[in-house]
Amino acid sequence: MSEKQLLKGNIAIAKAALNCGCSCYFGYPITPQTEIGEFLSLEMQERNLAYVCAESEIGAINMALGAASTGAKVMTSSSSCAVSLMQEALSYACSDELPIVLVNVMRAGPGQGYIFPSQGDYNQSTIGGGNGDYKIIVLSPSNVQECIELTYKAFYLAQKYRNPVILLADGLLGQMAEPAKLFDNPYPNIDNTSWILNGSNGRKSRSIHSLEPSQLKLNQHIFNLHKKYQAIEQNEVDYEEYLCDDADIIITSFGSLARHSKAVCNHYREKGIKMGLFRPKTLYPFPYKRLNELSKKTKLFIDIEMNLGQMLRDVRLSILSNAQVSFIGKPVGDWLKKEELINAIDNIAKEQYASI
Amino acid sequence: MQVFSTPKTIKENSSFTFCPGCDHGVALKLVAMVLDELNLQEQTIAVASSGCSVLLYDFLDVDCIESPHGRACAVATGIKRAHKAQGNNKFVFTYQGDGDFASIGISESLHSALRGENITAICINNTNYGMTGGQMGPTSTLGQITSTSPLGRNKEYHGFPIKTAEHIALCDGASFSARVALYDVKNIINAKNTIKKAFEYQKEGLGFSFVEILSSCPTNWKLSPQDSHKKIEEELSKTYKLGIFKDIKNE
Amino acid sequence: MSYIKINQDKCKSCYLCMDVCPKKLIKKSEKIGKTGQNVAEFIDTNNECLGCSQCALVCPDIAITEVVKE
């Protein structure tokens with residue numbers, strides 16, 4: 001479609017959303033994602049699309065819920081503490097099986113925290129803060145190019161599985177500009193004519209609801225959702241492996257921080273130490289199986305996150321007792337630098353190698 | 001000549017699950033009659049809320065979505081705007097209780113009215129949280145005994161109730177705001193005409209239209225259906241005055 | 001001859017229809033309905049029904065399913 005251009009992550013996400021036919025955006029300002037709403041405000045009004053400066057994130061996500069029921073491609077974006085406000089509607093959207101794309105450009109918490117970059121919403125995204133047995137697909141881009149790719153994918157998976165999808169970016173990605181190519185949406189549209197609400201003209205009326213007073217039917221509904229989540233876990237796991245095949249040490253990290261982790265791998269490779277990087281691109285479904293395979297031939301895993309060990313739980317669940325797992329983390333602020341990481345890894349290696 | 005029959009927008013073989021004598025049934029019947037008269041059934045999306053009104057989709061033969069508690073006007077906003085963005089003009093209304101519309105959802109409700117969303121909201125005001133067993137709500141009147149105001153609502157201790165229709169009337173984006181009651185035939189006919197007007201204003205694209213319906217809750221008021229209506233006529237309609245508080249066509 | 005039809009399966013015995021009938025043609029029947037009370041029945045031996053529909057308007061359960069006015 002076009003050559004590479006210098007794009008901020010937030011703008012890249014907004015442009016990709018427009019490119020793949022997003023016709024509804026509802027949002028409320030919060031740093032560091034506000035540019036998404038700012039950019040779309042003019043673009044969408046000029047195209048006569050639906051754009052509402054909502055009264056709150058609660059308003060925004062519920063407008064998204066309504067709009068999604070019409071079959072429209074719907075997006076809202078927010079950040080951390082404000083995504084907390086959306087948890088109720090996300091639980092409803094999962095039960096109602098409504099496709100909503102939610103972009104969370106993470107900032108630091110807990111509570112209001114600050115606008116510093118952070119990866120503190122891994123648990124909020126993958127486990128969720130809403131009630132009931134539900135799952136949300138969580139995609140984790142690591143650079144601006146992936147912001148574009150995974151925005152397309154988010155809309156596609158939302159429609160394909162009739163489920164909310166979270167694009168989990170962070171303050172660094174949202175605010176950083178780097179060259180990226182805005183290509184065409186590679187995914188097909190999914191036929192939704194069998195379930196959308198557009199008036200019962202020529203057909204029986206439909207309803208979309210989560211309330212179910214029959215215990216039998218509610219159990220069945222939740223089992224059906226569970227089957228869908230199993231299909232998602234079967235089909236949609238996505239990850240990047242960098243020099244993992246022969247690695248004695250594998251770093252696990254996600255999002256933009258994984259770029260530093262890659263640089264760290266190169267550093268150790270140059271010194272003759274076989275280090276690799278394993279980066280989940282889908283945080284849910286998490287690549288448990290592949291990581292488990294890798295753990296059978298790798299001695300040491302080092303999980304690195306900009307939080308105090310949230311993905312660490314999934315990493316440990318994958319590796320079990322097959323290998324040693326260490327953790328390097330910092331909750332907020334300047335991304336862990338290559339030098340800091342090398343220093344920390346040197347210390348871990350000294351301890352761990354003594355024991356293996 | 002048949003002068004009354006079950007509205008075709010009421011689902012065949014459906015039975016309301018409301019308590020005996022509850023005005024919810026009358027209100028829903030009127031909504032269905034008006035949808036019939038305006039021939040809106042096949043282009044309507046109704047938004048149900050939490051509380052006694054939640055099972056709307058079991059009764060009304062129109063496309064229907066349940067919203068989280070209080071969010072009906074936000075959900076309706078999304079539906080209306082999404083259809084408009086796809087070039088379709090659909091009829092969208094919410095059916096909510098007073099707790100849903102004016103307490104937990106007052107932000108969504110007021111801002112939809114302020115934005116002039118071209119939707120209609122029907123709010124059943126029965127001065128308590130009915131489904132959970134009659135707790136004090138935003139509209140419980142001063143002195144009203146409920147399960148959470150056992151000594152009666154006290155302005156110093158509990159604060160004041162809200163006059164919803166008057167608040168909506170203050171919103172520039174509202175085209176119509178009225179309060180009606182259902183305690184006798186004359187008022188029922190007036191309520192039906194008022195709902196019809198509110199629906200017509202949406203059809204004409206005039207902005208947010210609103211009807212608050214003073215309704216009985218015999219079970220939680222611990223009164224017979226007849227005495228409940230008497231209470232509305234003699235007491236409640238004095239606190240909550242009936243009438244039209246905003247009509248964009250009369251400005 | 002005007003008349004109404006009552007679906008007694010829907011009647012919840014609130015008796016609002018009885019109060020509103022100008023000719024008092026709606027009465028409690030012997031039949032016990034779903035709320036455990038006697039359901040309403042329409043008895044018009046002298047063809048007095050006006051077909052005014054007031055009963056149908058006040059019925060909260062649409063148990064009065066039809067009103068015919070002649």
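Me: What makes up chain C in terms of helices and strands?

Reply: This is a predicted model. In it, chain C has two helices and four strands. A helix here needs at least four residues and a strand at least two. Along the sequence, these elements of chain C come in the pattern β-α-β-β-α-β.

Me: Why is chain C called as compact as a globular protein of that length?

Reply: The globule rule gives 11 Å for 70 residues, and the radius of gyration of chain C is 11 Å, so chain C counts as compact in that sense. Its C-alpha trace spans about 35 × 20 × 20 Å along the principal axes.

Me: What share of the 70 residues in chain C is buried, and what makes a residue count as buried?

Reply: A residue is buried when its relative accessible area is under 20%. In chain C, 51% of the 70 residues are buried.

Me: Of the contacts in chain C between residues at least 6 apart in sequence, what percentage join residues at least 24 apart?

Reply: The figure is 55%. A contact requires heavy atoms within 4.5 Å.

Me: How do you know what confidence the predictor has in chain C?

Reply: pLDDT gives that confidence on a scale from 0 to 100. Chain C averages 97, and 100% of its residues score at least 70. The model also scores ipTM 0.97 and pTM 0.97.

Terms used: Residues are numbered from 1 along each chain as its sequence is written. Chains are lettered from A and ligands numbered from 1 in the order in which they are written. This is a predicted model: local features need pLDDT of at least 70, side-chain atom pairs count only at pLDDT 80 or more; totals for chains, interfaces and linings use all residues. Side-chain values use heavy atoms; hydrogens and water are left out. The radius of gyration is taken over C-alpha atoms; the globule rule is 2.2 Å times the number of residues to the power 0.38. Buried means under 20% relative accessible area, exposed over 50%, partly exposed in between (1.4 Å probe, protein chains only).
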